[in-house]
Amino acid sequence: MEKPPLPCDTLVAAGVLVTQDDTRRILRDAAIAVTDGHIAALGPAKELRERFAPAETLDLSGCLVLPGLVNTHTHAAMTLFRGLCDDAPLSVWLSEHIWPAEAKLSAEAVRLGTRLACAEMLASGTTCFLDAYLFVDAVADAAEASGMRAVLCQGVFEIANAGFKTVDAAFASSEALVARLAGHDRLRPAIFPHAVYTCSAKTLSRCAAFARDKGVLLSTHACETAKENDDCVKANGARVIPYLHDLGLLGPKTLLAHGVALDAADIARLAQTGTAVSHCPRSNMKLGSGIAPVAALSRAGVTVALGTDGAASNNALNVFSEMTTAALLQKVASGDPTRLEAQAALDIATRDGANALSWPELGRLAVGGPADLCALDMTRPQLAPGLDPVSDCVYAASGGEVRCTMVAGKVLYRDGAFPGLDYPGLLAAFREASAGITGRAS
Ligand SMILES: [Zn+2]
């Protein structure tokens, strides 16, 4: 006797399905059954159509469907400052342009900047991001409303700023964030000491203790430039990595952003401690910081993930272009075209990003896992003829081919629109907030 079909919320038809599962299966004419935000089944479309009676169907049969991309380093609200200062060294960019502008931030501006960033990320296939900034409660409001998944960090540093007056206040805000997000299915708290050059040793070790006590991730900027190591040696008698290690900041729940200026001993220490690195190739290129030793890190067994950094230093929050850039840059740096091949580049944008956030269910499409995915329009000329879907994702796609982005089973972006969001209203309010801070009309 034939079994009656099983109910499910949505049956997604996928022309090509790049699962990024443990065996990197790629299925053609596939489907995904989604229930309660999770994947109930995936397999041949014909088979799933017989097995399931869905409440809704989503036809992505003309699309290449892959896991939602994971952006492991950004400062989302810095969209407010996009284009404010380009073509300047990091120290000038920070102290003469960004910090003065950040002094004028308000919670509402941060909420609007983050919300716009979420729209930008969704439209280019990102479903999860790690954010580190000020006014983290406003960031959480925006992330909550966006429907995205996120790891949210209160930035901690010892420079006068609009968000908090004292380091104690930053810790109080981190405490409140941990309490607010307890048990949340999409948002997780973390802590982000800004860098060794903006935090005292005491504050850095206090952040490490906080992360351990609360069981949350710790992320920080580290080894973005060679100068950062030179200054750290002068100030503290050690390079950045051994200094962070001595203060208790390295470990399997630590994610270092940038990791450009790393020597062999640093890399060995990251591998020993299980510390991950968020590679931000376009930000590093734009600021002339250098090229992270991604191949050496991977060979040593360090988890490498991808990040866009903030929109004031990149200037786009597009993980597809980071993926392309990361792959090309490793080849340029080494003169070896076999470095960071397409599959490895797609891995760092998906599975490895999830691993780096200690959220290993993400970044892959598998039964029982979250239904977080994006879909590329395979009818676009740049994705034809479609001989190798992984190659197309890394070397041909720009992110502009994204037709649909889903998080936890909900469609958050579809064909240029954001269901449930008054995008024109958001854009107008965002532009006004940016003009109010930068003093420049858009
Ligand atoms: Zn950053």
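Guide: A salt bridge is a side-chain nitrogen of Lys or Arg within 4 Å of a carboxyl oxygen of Asp or Glu. The model here is predicted, so local features need pLDDT of at least 70 and side-chain atom pairs count only at pLDDT 80 or more, while totals for chains, interfaces and linings use all residues. Residues are numbered from 1 along each chain as its sequence is written, and side-chain values use heavy atoms, leaving out hydrogens and water.

Visitor: How many salt bridges does a search of the whole structure find?
Guide: One of them pairs D231 with K227. The search covers the whole structure, and its count is 21.

Visitor: What separates D231 and K227 in helix α7?
Guide: Their side chains meet at 2.9 Å, N to O. Helices (H or I, at least four residues) and strands (E, at least two) are DSSP runs, numbered from the N terminus. Helix α7 spans residues 226–236, and D231 and K227 are four residues apart in it, so what separates them is about one helical turn.

Visitor: Which residue forms a salt bridge with R82, and how many residues apart in sequence are the parts that the pair ties together?
Guide: The partner is E120, with the closest N and O atoms 2.9 Å apart. R82 lies in the loop between β5 and α2, whereas E120 lies in helix α3 (residues 107–123), so the pair ties together parts separated in sequence by 38 residues.

Visitor: Which protein residues are donors of the zinc ion?
Guide: Donors are N, O and S atoms within 2.8 Å of the metal (3.2 Å for Na, K and Ca); water is not among the atoms, so sites may look incomplete. The protein donors lie 2.1 to 2.4 Å from the zinc ion. Along the chain they follow the spacing H-x1-H-x145-H-x87-D. They are H73 (NE2), H75 (NE2), H221 (NE2) and D309 (OD).

Visitor: What is the site of the zinc ion, judged by the angles among its four donor atoms?
Guide: Four donors count as tetrahedral if all angles lie between 85 and 135 degrees; four count as square planar and six as octahedral if opposite donors are over 155 degrees apart and all others between 65 and 115; anything else is irregular. Here the angles run from 88 to 170 degrees, and the site is irregular.

Visitor: Which side chain of opposite charge is nearest to D352?
Guide: D352 is found in helix α14 (residues 351–356). D352 is buried yet has no salt bridge. Lys and Arg count as positive and Asp and Glu as negative; His and the chain ends are not counted. The nearest side chain of opposite charge is 5.1 Å away and belongs to R351.

Visitor: Which residues is D9 in contact with, leaving aside neighbours within four places in sequence?
Guide: D9 lies in strand β1 (residues 6–18). The backbone nitrogen of D36 is 2.8 Å from a polar atom of the D9 side chain. Contact means heavy atoms within 4.5 Å. D9 is in contact with V34, T35, D36, P54, A55 and E56.

Methods
Polar contact = N/O pair within 3.5 Å; in protein donor to acceptor, adjacent residues only side chain to side chain. Buried < 20%, exposed > 50% of the residue type's maximum accessible area, 1.4 Å probe, protein only.
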